[in-house]
Structures are given as C-alpha cells and as structure tokens.
Amino acid sequence: MPDKAPENPERYHDGARLSDGTASADGMAEPGQVDDSPSEGGSHAAEKPRQNPVLVWVKEIVTVVAIALVLSFLLKTFLFRAFYIPSESMESTLDVNDRIFINLLVPGPFDLARGDVVVFRDAQAWLPPVATKPAGPMDWVGDGLEFVGLAPDNNDQHLVKRIIGLPGDRVSCCDAEGRLSINGVPVNETYINPAEIPQPKTFDIVVPEGKVWVMGDNRNHSEDSRMHQEVNGGFINIEDVEGKATVIAWPINRWTILDNYQDVFRDVPEGTPAK
C-alpha cells in the first residue's frame, strides 16, 4: 500500500479508479509518484478496515425486508387488500376459508358493474356484533402482518356479495322459471351454486342513487339484500364498498381470477336512477 503523508492523506473517490487499476487525475496519485517501500520510520499507510461479510449480508437482508414491507403496505393501502371467506354464502364461487385479494380502485377510478363480487363494510349491522377477544402474547405478529397486507383481514365486520342491481335498476323476483329480472329482462345467473335449486323470495325494488343491491351466489344460504329490506331498504351504500374481489389467492389449488359474468347482464338496459 502507498504511504500516506500525515499532512496530506490520500483521498478515496468513487469512480476515481480506472479499469486498468491506475488512478485518475481527480484525487489519486499517479503511478511512480508514491514510494511503495516502507518509510524510514518503518510504518506503512493504514489499510482501510474490511467489513465483516456476515454484517454486510445481514444489512442487505434487513434492507430487502424493509423495502418489501413498505411496498406491501403501499399496495395494501392504495391498490390491494386481503380477506378470508368465513361463510358459505358465496359458494361455489368462493369456498369457506378461501383467501381473496380485492382491488381498492373499485369503486373509484373504475366503476362498479353488475356481476362484480365486492367486499363491503357492515354499516347496516347485518352481522351480529363481534365479541372482543382477550389479547394474546403473540397477537402483535398477526396484527403487524395484517397491517402491512401480508396476512388477510380477519375482521368479521365485512361481507362479500355479488352486485345484482346498480343505481336506477329495477330488480324483481321471480318469473315463471324462477329467474331474476333486471329492468324487465330475465337473466340466467350461471354463477349460482349448482348444488341447490334456489328457493324464490319475492321482491320488486328500484335501486336508489348511491346504492347497490347485492346477493350471494349460494342463494339458499345467503343473508343478503333480500333478507334485510327493513334496514336501508336492503341496499348497500356504495361508499361502504371496500373494493372488488379480483382473485382467489389461497389455497393454491383454488387460485383463479374472479369473473363478473358480463354475458349474463349483456342484454340488460340501463336503469333510471330514482329521484
């Protein structure tokens, strides 16, 4: 190593070293100008201490994990969020304990559509209150993973249903074949659970502005808009919709992109929002 004069220490400069190992003119001594031999005092220039490779590796892992957590939090906050399915109301589209991701940009930049599967807050108290569980010593782990979006939201005060009626739609049940009609057009709902024939429940409603009419795919086992007409007319406020379910992420053998069955509603005319 070159000697360093105490009064003029050698400067290290990023990019100063050339590809042939010599020094550039901006901050490094030129070859031949520094004596490689020991000085009269027998001392050499002090070498730059080498970093412990284990510490370097740990720093890199911590950095990667921190970036991943930040990105996950941003995705969860602005783009996607995870939920799990606790009931059979959406079978066979969604099975019990499926994990789904919802698109938080719907509603918002992208409009809702008939056939969309949506998750919404239980602002109308369709569900019984959730009993408060005693805090456990490891709750912070699950809470932290849920906060950054790496674990599904286990909050039971959310529901998942399929949108059947948009603002202005007249939805009625049922015709002679047991089908729903939307704005006077019967629809063949191919997403309904084929394991059971739905038991018809008569209704005839017009969806007000700012609200939607929702129903489960497992009609005989879904406490949906039909069953809650005494509260808010059975409608869900669009402002309570958290997002549109886009994919089943878990279990792996259930992985699929969710369909909104546009062909089912293709012939349905637009409704006229009620005043």
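A disulfide is a pair of cysteine sulfur atoms within 2.5 Å, and the structure shown above holds one of them. The model is a predicted one, so please read every distance here as computed from that prediction. Let's look at the disulfide, and then at some of the salt bridges.

**The disulfide**

- In general terms, a disulfide is a covalent bond between the sulfur atoms of two cysteines.
- Here the two partners are Cys 173 and Cys 174, with a sulfur-to-sulfur distance of 1.5 Å.
- Cys 173 has a relative accessibility of 11%, so this residue counts as buried.
- Cys 174 has a relative accessible area of 30%, and therefore counts as partly exposed.

- As background, side chains of opposite charge can pair when their charged atoms come close.
- Glu 242 and Arg 81 form a salt bridge, and their closest N and O atoms are 3.7 Å apart.
- This pair links distant parts of the chain: Arg 81 belongs to strand β1 (residues 80-84) and Glu 242 to strand β11 (residues 241-250), 161 residues apart.
- Glu 242 and Arg 81 are both buried.

**A salt bridge between a loop and a strand**

- Asp 217 pairs with Arg 162 in a salt bridge whose closest N and O atoms lie 2.7 Å apart.
- Asp 217 sits in the loop between β9 (211-215) and β10 (236-237), while Arg 162 is in strand β4 (residues 158-165), so the bridge links distant parts of the chain, 55 residues apart.
- Is Asp 217 buried or exposed? Asp 217 is buried, because its relative accessible area is 0%.
- Arg 162 also has 0% relative accessibility and so counts as buried.

**A salt bridge between two loops**

- Arg 219 forms a salt bridge with Glu 189, with 2.8 Å between the closest N and O atoms.
- Arg 219 lies in the loop between β9 and β10, and Glu 189 in the loop between β7 (185-186) and β8 (203-206); the two residues are 30 residues apart, in distant parts of the chain.
- Both Arg 219 and Glu 189 are buried.

Notes
Residues are numbered from 1 along each chain as its sequence is written. This is a predicted model: local features need pLDDT of at least 70, side-chain atom pairs count only at pLDDT 80 or more; totals for chains, interfaces and linings use all residues. Side-chain values use heavy atoms; hydrogens and water are left out. A salt bridge is a side-chain nitrogen of Lys or Arg within 4 Å of a carboxyl oxygen of Asp or Glu. Helices (H or I, at least four residues) and strands (E, at least two) are DSSP runs, numbered from the N terminus. Buried means under 20% relative accessible area, exposed over 50%, partly exposed in between (1.4 Å probe, protein chains only).
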